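Please read the points below with the model open beside you.

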Amino acid sequence: MAIVEVKVPQFSESVSEGTLLGWKKKVGEAIAQDETVIEVETDKVVLEVPAPAAGVIVEVSAGEGDTVTSEQVIAKIDTEAKAGAAAPVAAKPAEAAAPAAAAAPAAAAAAGGASGGIASPAAAKVLAEKNLSATDVAGSGRDGRVTKGDALAVGAKPAAAASSIPAPAPRAALPSVSAPVGRDTSLEGRPEQRVPMSRLRARIAERLLQSQQTNAILTTFNEVNMKPVMDLRNKYKDKFEKEHGVKLGFMSFFVKAAVHALKKYPAVNASIDGNDIVYHGYFDIGIAVGSPRGLVVPILRNADQMSLADIEKKIAEYGKKAADGKLSIEEMTGGTFSISNGGVFGSMLSTPIINPPQSAILGVHATKDRAVVENGEIVIRPMNYLAMSYDHRIIDGREAVLSLVAMKEALEDPARLLLDL
């Protein structure tokens, strides 16, 4: 027997612990080298744990939903065993083999005891489908936690025994949520659903609250006529895609316009560190991206040195990584200024919250045809409202307003970006 340990990846200095998500393999199953064993969610990203060698999973020492630390051993692989032939070695699996999992509820019943009523997210979903709660199952996980294996092994509660209260009239289903499914309750036909907050969601909440508590946030607004950019895009979008292999969107223009303004007004690209103001000589632009697990802000490094094609390619790459949960900590660390595009969801106006330790953020919204006055005449133009929130501790109103005007002027006359005017 040649045993290889599976360890939690090394976290960055700013991350102390993570939560185990779904196991991809059970004890006794074969796994290939570099195949994903399990995912670990931190307060920033979801990390995949690859198998260090090919073999058979012979031990799992942590369950789904458990908190783990950097370099912690969570499983063992026998590189010489064959699938189905390996027996668990003092394991505490998240998804144990069926006989072992089935024994847990039976043992608890014989002892007349009950579990602590704590279920992993995956187990909670299975229990909900079987009309059971965590207190109905004896858990084999750490501190009596009910694992997915425990939930799968127990039978469903008969529908007739589920409740003596007559079923209420049909009601609209609860909105779907991207968080792990929690325990459903029903109070006289008024359904509720309680789900655990993911580490990423908790971190987002913490940072946004910190931003509002520590920054003197003020928002300034302006409107921009998007027709020049739209005309330019329509004229060259086919040639652009053919040449660069990526579609020409609008975000690259907003990024370029932002960098154009930040060069003119360095305070908007600065940050506060204690009693010091740090003026950054580089332009790392964060792009707010929605993902199934919450809002993430990957960074375009040295955006001033990127072409429109470079920006579009990187944004497309980040969008796919965000959807797949593949963004790395490094890709979301840092940033000197951010852009949030609520327009893709139909937002008309908002006051974006600053992403610490940055001092400003640009909010972009939906472009809509509106009646505007030009040279004394009412005309129809595709207009977009821009909103820039800034930290008034280091950015004065004059700098904030003028920087937003600089963005507006660059978008209404894209030639300025080429001539640096």
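1. Does Thr 220 count as buried or exposed? Thr 220 counts as buried because its relative accessibility is 11%, where buried means under 20% relative accessible area, exposed over 50% and partly exposed in between, with a 1.4 Å probe and protein chains only. Thr 220 belongs to strand 11, residues 217-225, and, leaving aside residues up to four places away in sequence, it touches Leu 386, Ala 387, Met 388, Tyr 390, Ala 400, Val 401 and Leu 404; contact here means heavy atoms within 4.5 Å.

2. A word on the basis of these values. This is a predicted model, in which local features need pLDDT of at least 70 and side-chain atom pairs count only at pLDDT 80 or more, while totals for chains, interfaces and linings use all residues. Residues are numbered from 1 along each chain as its sequence is written, and side-chain values use heavy atoms, with hydrogens and water left out.

3. The chain as a whole has nine helices and 21 strands, which are DSSP runs numbered from the N terminus (helices H or I, at least four residues; strands E, at least two). Of its 421 residues, 43% count as buried, and among contacts with a separation of 6 or more, 64% are between residues 24 or more positions apart.

4. Helix 7, residues 308-324, has 17 residues and spans 25 Å from its first C-alpha to its last, close to the expected 24 Å, the expectation being 1.5 Å times one less than the number of residues. Its buried residues are Ala 309, Ile 311, Glu 312, Ile 315, Tyr 318 and Ala 322, and they pack against helix 5 (227-244), helix 6 (251-264), strand 15 (289-291), strand 16 (294-296) and strand 17 (299-300). Just after helix 7, Gly 325 takes a positive phi of about 70°.

5. Leu 248, in the loop between helix 5 and helix 6, is counted as buried because its relative accessibility is 5%. Leaving aside residues up to four places away in sequence, Leu 248 touches Arg 233, Phe 240, Phe 253 and Glu 312.

6. A search of the whole structure finds one cavity of 30 Å³ or more, and the largest cavity has a volume of about 130 Å³. Of the 16 residues that line the largest cavity, Val 45, Val 46, Leu 200, Val 296 and Gly 325 are closest to its centre. On a 1 Å grid over the protein atoms alone, a cavity is a set of points where a 1.4 Å probe fits but cannot get out, whereas a pocket is an open set with protein on both sides within 12 Å along at least five of seven lines; lining residues have an atom within 4 Å of a point. Grid points are joined across faces, edges and corners, and a volume is the space filled by probe spheres set on the points.

7. The second largest pocket has a volume of about 750 Å³ and is lined by 32 residues, with Arg 207, Val 296, Val 297, Asn 355 and Pro 356 nearest its centre. Helix 4 supplies five residues, the largest share of this lining.
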